[in-house]
Amino acid sequence: MEVNHSFYHLHQSIGLALITMMNLKELFFISIPLTAATLTLILGICIHRFYAKISGAEKRKRYHPVGCTVFHLAFNFHRLHDAMADLALKHTTFRLISFFRSDVYTAHPPNIEYILKTNFGNYGKGSYNYDILTDLLGDGIFTVDGEKWRRQRKIASYEFSTKILRDFSSVVFKATAVKLAGIVSRAAESNQSIEIQELLMKSTLDSVFKILLGIDLDCMCGTFEEGAGFSDAFDKASAIVVYRYVDIFWKIKRFLNIGSEAVLRKSIKVIDEFVYKLIRSKIEQLNNSHADFRPVKKEDIVSRFLDLKETDPKYLRDIVLSFVTAGKDTTASTLSWFLYMLCKHPHIQERIAKEVIQATQMTDDSSTEELAAGITEETIEKMHYLHAVLTETLRLYPAAAVDGKICFSDDTLPDGFSVKKGDLVAYLPYAMGRMKSLWGDDAEEFQPERWLNENGHFQAASPFIFTTFQARETGIEAGPRVCLGKEFAYRQMKIFSMILLGSYKFKLSDEKKRVNYRSAMTLQIEGGLHLCASPRLSSGK
């Protein structure tokens, strides 16, 4: 999954609206209703100016209807994605008007196919996103367009498809999941609840870093001090980079090295020192092995890149941080929603556990370690129902609820409406997952069976309807190109699920507590997910 630039844009517009409302209220001592009325008038003027400046030949072009202003979403920020879903039911494609721009949001599959595949070259990250993200992510795959993107994509695509990385990642996922199961076991023995979302966040970072650089961060247990320092600095830096989208003074603050930008600079220094140290160690290890004619296992991604003569430390640093950004929270948030839905539907949880036990041939006397050893490529391939449940979770709770691209030149979408150069054209996975026109009358119900054919085998939907993993072409090479991390993410989620559900039964610690999402970069559960566990296998007793 990519860095979610469109959520950044949306967050910026809403943030500016909220800040403006507060400033008007404080400066002119007027009430919130009057403030809202004043700003509605301002936005009305913005809308009028948008259409007034369209002249000549442009007047013959059709532009999407205005669905709302940014203030509508500001007032509904606590239910942001549901508000967007409501708008998508009225207009499958609409414009959002804010102070400085208008953006296009669509839930129309032909439009999505057009921007992600048919006219792929006209849509990308753009210079605006690059300027904001480059201090942290450099020229990584999630900040660049054109030839730089194609080069990294080609190398990364090859590496992700190798058997060496597939086997190595499976070993890492199983070891990390067993360690997580141990924490769950200790909580179950003492009848304590656990906050599983935070544990999943830490465990996925441990997994990703092990696969990238071959080292154990051990965020779950906190035994590696330097690793804990990196993790903390990375979290701070990521949050501040996101904040740049609503902070109109960030460039001034960066120049003066004050406030949040001073914290960002310090955090990036910690990040760089840690990552560059590891990269230098990898390069030295490789050079020494050549000098001594000793073979070195090249399982982690950086070692594999070095083997391809990609030895520029800055280039490798950008790759590492880009993949940490992509893999850290998305898988963890999906697994959190997955476990929540299984607690709400215990019969589905039991059916998955049964599928796990049958596929791995475990018994009640088996240990968690034996269960992990029984998980192979063959057993993972047998988990059709688990695959369906994970996919149904992603349909209703996509890690990126909004995603999209910047339009590079004036264009006309398949629905006949025009978009302008510089417009954000975003699609709405969260809204689309709830549309009856796409999924039937039971669209809002959790029904994993919709993904199974008559033989009980998983069947995929169009990637332009189920948009969690973007389907795309490079613009040069033929054929659809899916998200690089798709199979990687599914393998991780399946292994974690098989070990956790094969070893424990889960239930909500408070069945009556309402669970909501937090309007953030990824669709996380507000306040975390508190669960109670009881053992299935002997290792948990």
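Axes here are lines fitted to C-alpha atoms, for helices over the stretch in contact, and angles run from 0 to 180 degrees between N-to-C directions. Helices (H or I, at least four residues) and strands (E, at least two) are DSSP runs, numbered from the N terminus. This is a predicted model, in which local features need pLDDT of at least 70 and side-chain atom pairs count only at pLDDT 80 or more, while totals for chains, interfaces and linings use all residues. Residues are numbered from 1 along each chain as its sequence is written, and side-chain values use heavy atoms, with hydrogens and water left out.

**View 1. Helices α15 and α22 cross.** Helix α15 spans residues 330-344, and helix α22 spans residues 486-503. Their axes come within 11 Å and cross at roughly 40°. That angle makes α15 oblique to α22. Angles under 35 degrees count as roughly parallel, over 145 as roughly antiparallel, 65 to 115 as roughly perpendicular, and the rest as oblique. The crossing of α15 past α22 is right-handed. A crossing is left-handed if the near helix is turned anticlockwise from the far one by less than a right angle, and right-handed if clockwise.

**View 2. R95 and D423 form a salt bridge.** A salt bridge is a side-chain nitrogen of Lys or Arg within 4 Å of a carboxyl oxygen of Asp or Glu. The structure holds 23 of these salt bridges. In this one, the side chains of R95 and D423 meet at 3.0 Å, N to O. R95 lies in strand β2 (residues 93-97), and D423 in the loop between β8 (418-419) and β9 (424-427), so the pair ties together parts that are 328 residues apart in sequence. R95 is buried, at 0% relative accessible area. D423 also counts as buried, at 6% relative accessibility. Buried means under 20% relative accessible area, exposed over 50%, and partly exposed in between (1.4 Å probe, protein chains only).

**View 3. E350 pairs with R536.** The side chains of these two residues meet in a salt bridge of 3.0 Å, N to O. E350 sits in helix α16 (residues 346-360), and R536 in the segment after β15 (530-535), so the pair ties together parts that are 186 residues apart in sequence. E350 is partly exposed, with 38% relative accessibility. R536 is buried, with a relative accessible area of 14%.

**View 4. E392 and R395 pair within helix α19.** Their side chains meet in a salt bridge of 2.8 Å, N to O. The two residues are 3 apart in helix α19 (residues 384-396), which separates E392 and R395 by about one helical turn. Both E392 and R395 are buried.

View 5. Side chains of opposite charge can pair when their charged atoms come close.

**View 6. A nonpolar patch lies on the surface.** I248, F249, I252, F255, L256 and I258 form this patch. Together they have about 680 Å² of accessible area. Accessible areas come from the Shrake-Rupley method with a 1.4 Å probe; for residues, only the protein chains shown count as cover. Patches are made of residues with over 30% relative accessible area and no salt bridge: like charges are joined within 9 Å, nonpolar side chains (Val, Leu, Ile, Met, Phe, Trp, Tyr) within 5 Å. L256 belongs to helix α11 (residues 250-256). L256 is partly exposed, at 48% relative accessible area.

**View 7. N257 and Q361 have positive phi values.** Most residues other than glycine have a negative phi. Phi of N257 is near 55°. N257 lies in the loop between α11 and α12 (259-292). N257 is partly exposed, at 32% relative accessibility. Q361 has a phi of about 60° and is not a glycine either. Q361 is found in the loop between α16 and α17 (368-373). Q361 is exposed, at 69% relative accessibility.

**View 8. S367 and G502 are 9.9 Å apart in space, C-alpha to C-alpha.** In sequence, S367 and G502 are 135 residues apart. S367 is placed in the loop between α16 and α17. S367 counts as buried, at 18% relative accessibility.
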